Amino acid sequence: MRQALRPSALVPRGFVVDGTSSDGPGLVIAVRPVSRTSKCPGCGTNSERVHSRYCRRLADLPLAGRPVRLVVVARRFHCDAVLCGRRIFVERFDLDVLAPWARRTARLDHIVHHLGLALGGRPAASFARRLMLPVSNDTLLRVVRRHGSPRFVPPTVVGIDDWVATQPALRDDRVRSRAAQDNRVAAGSRTRNGTGLALRPAANQGRRA
Ligand SMILES: [Zn+2]
């Protein structure tokens, strides 16, 4: 029977699974990069001469209701380009997979960002806990600030009231016409009861009651 779901299909693109273990309620997945080489950020030369290895611990999307922590065995490479100032560099991954110095994968960061935008700090943190996403409210706000707000799209259709509000002359006319209308209503009330005491406009009388 063919294996329908490979473990490497569950982790971010460009990594293969070396092993898994349990860490209390969570899962720990050890992964390593597929690529044998990495590009020097200083000069762009590909290098496959490994200097050393180290572990990066990252939060990732939950799996089957359990929080997941990835342990990435990352590498440092030698740069052999003669004119390059860097002799050793840390390997970089695609930005849509894992940013340099990031503490969570890009796909988790994307969800955290949108949670923060939709719900704000504390409500989003509470909802994230239910989704098994290990983020605090401060982290959510930090992620939203780092990504910035969504691009503002200028409106193509404006309602007449919105337009009038931007025109001082028309806005004043509208206020004057409303005051004149209120005065007419007040005058009508005085005429009806004959006392001359109903000086308040009819619209305000309803609010007072
Ligand atoms: Zn270089």
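Biologist: Which conventions apply to the numbering and to the predicted model?

Modeller: Residues are numbered from 1 along each chain as its sequence is written. As the model is predicted, local features need pLDDT of at least 70 and side-chain atom pairs count only at pLDDT 80 or more, while totals for chains, interfaces and linings use all residues.

Biologist: How are helix 2 and helix 3 oriented to each other, roughly parallel or roughly perpendicular?

Modeller: Helices here are DSSP runs (H or I, at least four residues), numbered from the N terminus. The axes, lines fitted to C-alpha atoms over the stretch in contact, with angles from 0 to 180 degrees between N-to-C directions, come within 8 Å and cross at roughly 115° for helix 2 (residues 121-130) and helix 3 (residues 137-147). Since 65 to 115 degrees counts as such, the two helices are therefore roughly perpendicular.

Biologist: Which residues of helix 3 meet helix 1?

Modeller: Helix 1 and helix 3 pack at about 95°, with axes 8 Å apart. Contact requires C-beta atoms, placed from the backbone, within 7 Å. From helix 1, Asp109, Val112, His113, Leu115, Gly116 and Leu117 take part, and they meet Leu140, Leu141, Val143, Val144 and His147.

Terms used
Parallel < 35°, antiparallel > 145°, perpendicular 65-115°, else oblique. Contact = placed C-beta atoms within 7 Å.
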